[in-house]
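Here's a quick look around one structure, for anyone meeting it for the first time. Have a browse, then read on.

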Amino acid sequence: MEKKITVICGDGIGPEVTKQSIKVLNAVAEQFNHKFNYDQQIMGACAIDKTGDPLPQATIDSCKNSDAVLFGAIGHPKYDNDPHAKVRPEQGLLRIRKELQLYANIRPISTYPTLQHLSPLKPDRLQDVDLVIYRELTGGIYFGEKTLSDDKNTASDLCLYTKAEIERVAHLAFNHAMNRKKKITLVDKANVLETSRLWRKVVQEIAQQYPEVAVDYMFVDNASMQLIIKPKQFDVILTENMFGDIISDEASVLSGSIGLLPSSSIGSGTALFEPIHGSYPQGAGKDIANPVGSVLSAAMMLDYFEMYEEAALVRRAVSWALEHGFVSQDIDSVNYYSTSVIGDLMKDFIEQKAPSEIN
Ligand code: IPM
Ligand code: MN
């Protein structure tokens, strides 16, 4: 098969981790006789530096004409503490999500037996943890009207949801639950927020179409606690944009490192695949970042292309590297490998090179 992939490395460690995914994808293409054509584009702080715009039109056009987008990371510290910055790198990511109508962000959280010691949680709490977060991605407080009064002393962010916005992401989550343990937890704040009450009402209606799926409703404050004290109770978590952003970073501590976690963003336009970690500016250019989040995002992309065997092979390469201690600094601060060496080792694994060739 031939696929066109827009590659947006972005900022910070984005280029380094994305490079490893490309190595892995090229090895997959070679093994399975596919052709992946990459189109490199810019977005984020690097795009502001070059063009003044965090999301140049050429990037949007390329994404719209591709089969998928592989994205690295976004953000630069020089914007974080400047409340007056008019243009911010993150605007690029938010706009591309809107442009491509990527209304569902899917974040699977898995645990690895050999990495359990990295989590601050007791090992017995991590046993059998396997959950996936469906985060609504193009609505809510992220995209509602923003105001700042003339005297700059009053600000607001509107949180708005329509029934249709809730329905489309909910159907995706219910369908996924049907192929898993058939359990959905809607995370909201329905005791306080009108939008959350709408979410509950709409999800209750949709639930009737999926009688086999057990539906649970949980307030976000309680869910934050339950994720830590009893994470195995969750199968599919469905939630709105900002709650999903927050609880997915929290859930990453179950895996041991945020550097391990991938995501896919899907909707009505070209799907986008990105690790959930940020741009980690302190680590940029040092070849120390964990490439696994990006490589597993590439595996999610292969699944999306219905290249299931290929995706499974990439996941085996990742598990093999993690089990054999071919890990980055965030996983083992004493015996660690560089980002690029880990990428090479995973590539070799996919190419079925003999272990002797792997140093
Ligand atoms: C994420 C990130 C983004 C978000 C930022 C960079 C805008 O934290 O993808 O989780 O908040 O959605
Ligand atoms: Mn986030």
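## Around Arg 135

In this predicted model, Arg 135 touches Asn 105, Arg 107, Thr 239, Asn 241, Gly 244, Asp 245 and Ser 248, if you skip residues up to four places away in sequence. You'll find Arg 135 in strand β5, which covers residues 130-136. Is Arg 135 buried or exposed? It has 28 other C-beta atoms within 10 Å, and 20 or more are enough to call a residue buried, so Arg 135 is buried.

Arg 107 sits in strand β4, residues 104-110. It counts as buried too, because it has 24 C-beta neighbours inside 10 Å. Leaving out neighbours within four places in sequence, its contacts are Val 132, Ile 133, Arg 135, Ser 248, Leu 261, Ser 263 and Ile 276.

## What the record says

UniProt, in an unreviewed entry, lists Arg 97, Arg 107, Arg 135 and Asp 221 under "binding site". These residues span 125 residues in sequence and the farthest two C-alpha atoms are 26.8 Å apart, so they don't all gather at one spot.

## Two helices side by side

Now for a pair of helices. Helix α9 (residues 220-229) packs with helix α10 (residues 241-255) at an angle of about 15°, their axes 10 Å apart. That angle is why α9 is described as roughly parallel to α10. The crossing of α9 past α10 is right-handed.

Which residues of α9 and α10 meet? From α9 come Val 220, Ala 223, Ser 224 and Leu 227, and from α10 come Phe 243, Ile 247, Glu 250 and Ala 251. Sorted by class, this contact has six nonpolar residues, one polar and one charged.

Methods. Residues numbered from 1 in each chain as written. Chains lettered and ligands numbered in written order. Predicted model: local features only at pLDDT ≥ 70, side-chain atom pairs only at ≥ 80, totals over all residues. UniProt positions renumbered as here; feature names shortened; annotations may be inferred. Helix = DSSP H or I, 4+ residues; strand = E, 2+ residues; numbered from the N terminus. Buried ≥ 20, exposed ≤ 12 C-beta atoms within 10 Å, placed from the backbone. Contact = placed C-beta atoms within 7 Å. Axes fitted to C-alpha atoms, helices over the stretch in contact; angles between N-to-C directions. Parallel < 35°, antiparallel > 145°, perpendicular 65-115°, else oblique. Left-handed = near helix turned anticlockwise from the far one by under 90°. Nonpolar A, V, L, I, M, F, W, Y, C, P; charged D, E, K, R; others polar.
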